[in-house]
Amino acid sequence: MVTYFSEIYHGLISLFIGMGITFKEFFKPTVTVSYPYETLTMCDRYRGHVELIENEEGKANCVVCGLCQRACPSACITLAGEKPEGEKKKVLTKYILDFTRCSLCGSCVESCNFNALEFSKEYNLASTRKEDFIFDLLKRLEDRNI
Amino acid sequence: MNAPIELQPDETFILNVGPQHPATHGVLRVKMEMNGEYIVEAETVIGYIHRMHEKMGEVKTYPQYLMNLSRMDYLGALGYSHGHVLLVEKASGIEVPERAEYIRAIMVELNRVSSHLFWFGAFVMDLGGFSPLMYALQDREHILDMLEAVTGSRLTYCYFRFGGVYNDVDDEFISSARRFIPRMRKSLKKYHKLVTGNVIFRKRLEGIAPVSQEMCRKYGASSAVARGSGINFDVRKNEPYSVYPEFDFDVPVFHECDSLARYNVRMEEIEQSLRIIEQGLDKLPDGPIMPKKKPKIIKPPAGDYYQAVETARGSFGIRLVSDGGKIPYRLKLRSPTYSNMHLFDEACRGMMIMDALAFMGSLDLVIPEIDR
Amino acid sequence: MSLTLLNVIVAVVIAIGFAALNAAYLVWAERRGAARIQRRPGPNINGPWGLLQPPLDGIKLMAKQLIIPGGADKILFIVAPVLAMFPAIMSFVTIPFSETIVAKNMNVGVLMIFAFASTGSMALVFAGWSSRNKYAMMSSVRAVSQAVAYEIPMLITTITVVMIAGSMDLMEIVRQQSGSFLHWNIFPLLGNSHNILMPISFLIFFTCTLAETNRAPFDLGEAESELVAGFHTEYGSMGFGLFFMGEYANIVIGSCLTTILFLGGWNAPLPFLSFIPGVFWFLLKLYLLIATFIWIRWTFPRTTIYGLLNLSWKILIPLSLFNLLFTAGLLKVF
Amino acid sequence: MICEQTKLALQKLFPPPEPQEDILEETDEEQDKKVAKKPRPNGLVERDYAVHGYHLDAQLDPNQLLEAVTILDEAEFFIESITGVDWIKDDQLEVVYDFARYDFDLCRVVIRTRVDRKEPAVPTITKIYDGANWHERETHEFFGIKFEGHPHLIPLLLPEDADFHPLLKDFKA
């Protein structure tokens with residue numbers, strides 16, 4: 001009989017304690033960032049898709065060594081280059097990133113010895129078409145300079 | 001609670017729980033033969049998001065496979081990566097600088113806390129309480145922010161490298177981690193008041209879904225399932241790896257074998273992980289984060305290697321059969337929830353469906369990790 | 001109060017309007033309240049503070065196609081949501097909001113409300129049965145046992161109050177509680193009961209109201225993590241909308257009844273405050289109770305079906321029976 | 001401790017080493033290389049835990065399997081996993097069983113058995129370890145190894161109608 005009533009009593013008390021906690025939470029400020037209206041700045045090391053780094057002349061730093069292509073686990077990098085007459089280094093002519101397959105592991109950035117690749121801070125990527133995620137990084141680089 | 005009835009075969013019906021069901025937390029299907037609300041027989045059907053990570057291991061080089069491990073378990077990704085890098089380092093004899101080991105341990109423990117927090121919220125939501133999930137996610141958000149600042153991603157980290165880690169931690173991380181620990185302890189108190197003490201919650205879990213020690217052993221259960229049944233088994237203690245012997249922490253063991261014991265184990269584990277993080281931050285030595293000498297191409301000598309680690313979900317084993325090449329000959333991933341989930345079929349016989357689903361929640365399932 | 005046909009129509013329209021408006025905006029209040037408890041903003045895009053959310057939701061639901069699953073019992077499937085909404089609206093007719101604002105007072109008002117309330121669980125049974133869905137079926141079976149288990153203590157507690165008031169007339173029950181808040185039935189001191197167990201009666205009644213209206217922590221009927229959505233798994237469009245509004249209308253009725261039976265109806269808590277119209281006090285008490293409903297829902301996990309039945313048969317029914325006998329004894333003595 | 005006991009118990013499964021092996025070691029280098037390329041003979045090997053991550057490595061004949069697993073079951077080992085390895089050069093499939101312990105008496109045992117690649121079949125151990133059920137199903141679907149006596153040998157992770165075995169080395173998607 002005593003346990004019967006003490007069980008009811010302690011049960012009730014535990015319920016009131018729980019209600020007390022949610023009551024306190026009710027008056028605390030909200031923590032949500034209402035996304036499209038406010039945005040957060042991405043931290044320095046945020047890993048978006050890769051982007052080419054330009055040198056002083058506005059050209060890509062890339063020397064078309066192909067290390068990133070080989071390091072990529074998902075084979076999403078296609079690049080090509082040519083060696084113009086009289087130049088020492090190869091010049092990048094094509095750099096396609098197939099972002100649909102990229103898993104943002106960062107192997108390409110890590111493998112690059114020529115400081116030619118970086119992570120972008122872009123995260124607002126949305127589209128209904130697959131082609132929108134096949135990035136021509138060289139074109140993006142040129143667009144940035146305009 | 002107990003099925004007291006004897007049945008005729010035509011008195012039962014088949015209930016398909018899943019592949020899309022709120023309680024399965026992913027695409028898991030359980031085919032239940034029911035008698036009213038009682039389960040007569042259950043058969044778990046898995047494999048809906050099977051991605052064949054093991055075959056991928058056989059076509060990718062060792063560094064290329066790094067990111068696959070974090071895709072196995074999206075909540076406690078770092079623990080799995082830890083197992084992988086430890087295995088390859090052991091096989092190919094790469095020395096890891098002490099600082100890197102400490103950073104790894106801190107990160108894995110942070111990740112474990114975040115995983116347990118999510119489990120806590122999801123588990124209470126399985127039982128019908130929604131608010132604790134939101135509180136847990138708020139605390140988890142702090143961890144994710146910290147991990148993002150160091151690793152660059154929030155969920156599927158690719159942070160550990162053979163021989164060390166990818167980025168060094170900075171002072172900001174250390175100070176925010178130090179700030180996080182007391183805040184988390186305070187929240188834990190709140191959770192205990194709000195949830196653990198709650199009479200409805202206790203009534204739902206006490207004595208529900210007993211898993212005997214023998215059953216654990218026959219199925220190879222680990223993590224809270226084993227520890228909730230009174231088995232003192234934690235790979236970090238039983239088979240110390242990395243820098244875990246340096247830390248002073250306890251392995252919570254509860255002997256009640258019920259769902260509440262499993263819950264208590266995980267909640268206590270958060271506390272112990274906080275202790276490890278605290279000690280790790282105190283002891284964090286200076287030095288490099290990658291070894292000076294490291295083979296350019298990783299080619300472990302031919303042989304058979306095994307490494308077990310304690311992830312947030314239990315004992316994760318990874319076996320490497322190398323033929324001396326730069327691609328593994330065979331890579332086997334032993335996922336802990338695979339074994340834990342397997343036990344469900346037998347354990348849930350005769351249970352009511354709501355108890356069975358609470359039991360399923362207490363197993364801490366992450367379906368991509370079962371399906372691999 | 002003479003009743004013409006026009007009066008009846010106006011009264012019914014007002015009752016329906018009140019019920020529908022309450023149901024719609026309680027959804028908004030619940031979502032905002034839950035969000036505050038969980039430290040989220042909640043619906044805040046449509047209109048100021050998201051106040052346009054309920055009508056827009058309604059438009060969305062109405063624009064959707066009503067899908068009747070193959071093999072379902074068509075008539076019952078369509079009748080069920082109507083049946084869920086109907087008793088709640090009908091009950092409003094007899095609720096006295098103040099001394100003057102009442103559509104039709106009856107001297108058996110309590111009986112009428114209970115009669116209608118018990119048809120509410122029929123709606124769940126019809127919905128579960130006709131959907132041809134195993135989850136819905138299980139849910140409706142649960143709903144029956146739950147309704148049976150909780151109507152008993154609820155009625156016994158109500159009889160206690162009726163005994164004290166000596167009337168089944170809701171207005172009479174309220175009038176008996178006039179004076180300061182100490183005269184209310186919940187408080188044992190100055191009221192005409194002198195029964196120190198009245199707060200327990202109040203708790204029993206409140207718990208039963210929670211269970212009767214299928215609210216958390218007793219929302220076993222729709223237990224979304226177990227039975228997907230319970231009895232309304234197969235309902236979409238306005239069928240679902242009616243169930244949803246019915247739930248909130250039932251909450252309003254339950255809270256009205258609690259206010260009348262225990263919290264002194266339209267009476268002001270202190271005599272000198274009685275210059276404020278009674279309807280204000282009634283609505284204040286009503287919405288405070290509803291807020292408690294919402295607060296409880298977002299705090300506790302769900303009970304099990306056997307936990308629920310245990311609570312009813314082992315705790316609520318014995319306690320309420322004891323309380324009934326005790327009150328009867330007290331009334332005899334004094 | 002338990003390591004030694006298990007080792008002794010498992011050693012009883014193997015006949016004492018034949019004297020021929022000693023002779024083989026003494027032969028010239030060319031022959032030695034040939035031996036090394038051949039699949040390992042059945043037997044119990046103690047491995048360096050620090051390098052390989054396990055203590056005992058027993059390779060045995062498929063018909064000795066149940067006996068060996070019973071020994072481990074009686075010694076209270078728990079089952080970690082079952083998997084296969086395709087040794088296509090030897091035209092053999094290997095089934096690997098991992099066992100470990102819950103207590104602090106650290107001992108990891110690996111039991112392996114090799115079967116012919118054309119008709120791979122080993123006895124099931126589900127009667128001893130219930131938990132072997134899924135592991136065996138998985139190994140069956142990935143390698144096509146038949147576990148004789150298994151109660152429910154249908155694909156687990158692959159679709160129900162899958163008739164291919166993706167982890168075989170000659171599997172082409």
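The model is predicted, so local features need pLDDT of at least 70 and side-chain atom pairs count only at pLDDT 80 or more, while totals for chains, interfaces and linings use all residues. Residues are numbered from 1 along each chain as its sequence is written, and chains are lettered from A, with ligands numbered from 1, in the order in which they are written.

**Contacts between chains**

- Between chains C and A, eleven residues of chain C are in contact with twelve residues of chain A.
- On the side of chain C that touches chain A, helices H1 and H9 (278-297) of chain C each supply at least two residues; helices (H or I, at least four residues) and strands (E, at least two) are DSSP runs numbered from the N terminus.
- That side of chain C comprises seven nonpolar, one polar and three charged residues, with Ala, Val, Leu, Ile, Met, Phe, Trp, Tyr, Cys and Pro counted as nonpolar, Asp, Glu, Lys and Arg as charged, and the others, Gly among them, as polar.
- Helix H1 of chain C (residues 5-37) has 33 residues and reaches 47 Å from its first C-alpha to its last, close to the 48 Å expected at 1.5 Å a residue, the expected span being 1.5 Å times one less than the number of residues.

**Nonpolar cores**

- The largest nonpolar core has 261 residues, and those with the most contacts inside it are B:Ile39, B:Ala356, B:Phe359, C:Ala249 and D:Val109; such a core is a set of buried Ala, Val, Leu, Ile, Met, Phe, Trp, Tyr and Cys residues joined through C-beta atoms within 7 Å.
- A residue is buried if 20 or more other C-beta atoms lie within 10 Å of its own, exposed if 12 or fewer, and partly exposed in between, with C-beta atoms placed from the backbone.
- Helix H4 (residues 98-126) of chain B gives the largest share of this core, 17 residues.
- Apart from this core lies another of 20 residues, including A:Cys76 and A:Leu137.

**Chain D**

- Chain D contains six helices and seven strands, and 40% of its 173 residues count as buried.
- Among contacts in chain D between residues at least 6 apart in sequence, 58% join residues at least 24 apart.

**A sheet in chain B**

- Three strands of chain B form an open sheet with antiparallel pairing in the order S1-S2-S3, where two strands pair if DSSP finds at least two bridges between them.
- Strands S1 (13-17) and S3 (38-45) of chain B stand at the edges with a single partner strand each, so one side of each is left without a neighbour in the sheet.
- Seven bridges join strand S2 (residues 29-35) of chain B to S3(B), and B:Met32 has B:Ala42 as its bridge partner in S3(B).

**Positive phi**

- Most residues other than glycine have a negative phi.
- B:Ala209, not a glycine, has a positive phi of about 55°; B:Ala209 lies in the loop between helices H7 (199-205) and H8 (213-219) of chain B, and is buried, with 23 other C-beta atoms within 10 Å.
- B:Cys257, also not a glycine, has a positive phi of about 65°; B:Cys257 is buried, with 21 other C-beta atoms within 10 Å.

Technical notes
Two residues are in contact if their C-beta atoms, placed from the backbone, lie within 7 Å.
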